[in-house]
Amino acid sequence: MREIARVAQGYFPTQSRVVHAISRLVVPPQHGTVTVLDAGCGCGDAIDELRNAWQSYARTDTTVKLYGIESDRERHRVAESRFSQSGGEAIWAAIEDCDSDRGASLLWFNPPYDKIRGAGRMELELFHRVRGWCGRDGVLVLIVPDYVLSEIQTGLASAVERHFHPLGIYRYPEPEYKSFRQCVLIAQRRDKPLNHNRVEHPNWADCKNWPVLPDAGYPIATLTIGESIKLRRTCLSTAVIQDALSHSPLRNSLLREALAPAAPIERPLLPLKAGHLALALAGGLCDGVVEKDGVRFLVKGTLSRKNCQTKTTQKLDADGNKIADVDIFRTVYAMNVRCLRDDGSIEDYSSNDGEDVGSDSESGEGEAE
């Protein structure tokens with residue numbers, strides 16, 4: 001992404017001429033309520049202007065509720081003020097950090113244009129995130145550079161084909177096309193996605209055959225009536241947490257705790273002994289190269305476990321007669337350490353009798369006498 005685009009967080013509003021042209025191609029019904037969701041709405045200019053364009057010439061009784069997602073705090077405040085007037089809302093979050101409880105009548109999607117290092121295009125990644133936010137039989141308005149949609153390598157056209165039925169695709173008119181070589185795709189969501197293995201790069205993605213977006217075109221899609229949408233965050237970004245803390249009554253106490261000097265490190269409750277180090281070494285926690293007095297050693301430790309018989313007792317019946325011998329076993333570990341010296345010699349160290357590591361015992365009965 002260009003540096004100027006990074007400063008703006010990839011935000012470039014859709015031009016007014018393009019919005020008015022789209023308002024002629026996608027129209028609301030004569031009655032009811034439709035919902036318009038802009039994933040990455042900025043200040044809300046695009047879909048607010050779209051609604052105003054419908055109201056200026058369509059002359060319908062339709063209520064248009066606007067919804068948006070915006071990661072910039074100041075732009076979100078402007079959008080929230082606009083959208084709340086119609087009963088809609090805007091949520092302050094990144095596209096990746098939020099979700100919608102239901103699909104919208106119209107999903108307006110003009111994503112940031114960028115590459116993800118080692119993971120393809122950002123437009124494709126975000127499309128997979130937002131495609132479910134378009135309701136059944138809903139309409140998608142996708143605005144991306146023409147090369148992103150037409151090139152096979154990006155995979156965006158195939159992803160759109162699988163989930164949406166294209167209704168029309170247009171190249172931006174001049175001089176708007178000169179800036180980013182953008183195009184507009186209008187599509188309707190399918191009832192059921194196509195089989196992933198059968199979807200190839202579609203023929204309609206050939207940009208050589210795309211017409212120029214007309215300023216006064218004829219409707220190619222009519223929106224369906226939709227219910228109100230509830231946007232919600234799925235995770236909290238650092239910016240959201242910092243904003244919440246800045247308005248919290250706990251702010252001063254949290255700052256005091258954050259600025260307080262670190263507590264002194266106290267001595268362990270029990271001092272380490274030689275046996276602790278031996279166990280860590282034999283357990284493989286200290287494997288590697290060690291050095292003492294300029295001499296290096298390669299150390300490898302292992303623990304072997306075995307059950308050792310400690311004693312035999314008698315099992316008696318109610319009359320005091322012996323009915324069986326009972327063997328008592330104890331679990332022990334044998335510590336083994338191998339040391340490779342720099343001259344190639346190997347030394348082995350082992351605890352011959354093992355070390356008791358617990359009092360749990362296992363018993364077995366012999367034959368009754």
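This is a predicted model: local features need pLDDT of at least 70, side-chain atom pairs count only at pLDDT 80 or more; totals for chains, interfaces and linings use all residues.
Local features need pLDDT of at least 70 and side-chain atom pairs 80 or more, while totals for chains, interfaces and linings use all residues. Residues are numbered from 1 along each chain as its sequence is written, and side-chain values use heavy atoms, without hydrogens or water.

Start with the chain. Its secondary structure comprises eleven helices and 18 strands (DSSP runs numbered from the N terminus: H or I of at least four residues, E of at least two). Of its 369 residues, 38% are buried (under 20% relative accessible area; exposed is over 50%, partly exposed in between; 1.4 Å probe, protein chains only). Take contacts (heavy atoms within 4.5 Å) between residues at least 6 apart in sequence: 72% join residues at least 24 apart.

Now the rings. There is one aromatic pair (ring centres of Phe, Tyr or the six-membered ring of Trp within 6.5 Å; stacked under 30 degrees, edge-to-face over 60, tilted for the rest). Phenylalanine 127 and phenylalanine 164 form this tilted pair, at 6.1 Å centre to centre and 55 degrees between planes. Phenylalanine 127 belongs to helix H5 (residues 122–130) and phenylalanine 164 to strand S10 (residues 164–171), so the pair ties together parts 37 residues apart in sequence. Both phenylalanine 127 and phenylalanine 164 are buried.

Last, the cysteines. The structure has zero disulfides (cysteine sulfur pairs within 2.5 Å). For cysteine 183, the nearest cysteine sulfur is that of cysteine 207, 8.5 Å away. Cysteine 183 is buried, at 0% relative accessibility. Cysteine 235 is partly exposed, at 36%. Its closest cysteine sulfur, in cysteine 98, is 8.9 Å away, too far for a bond.
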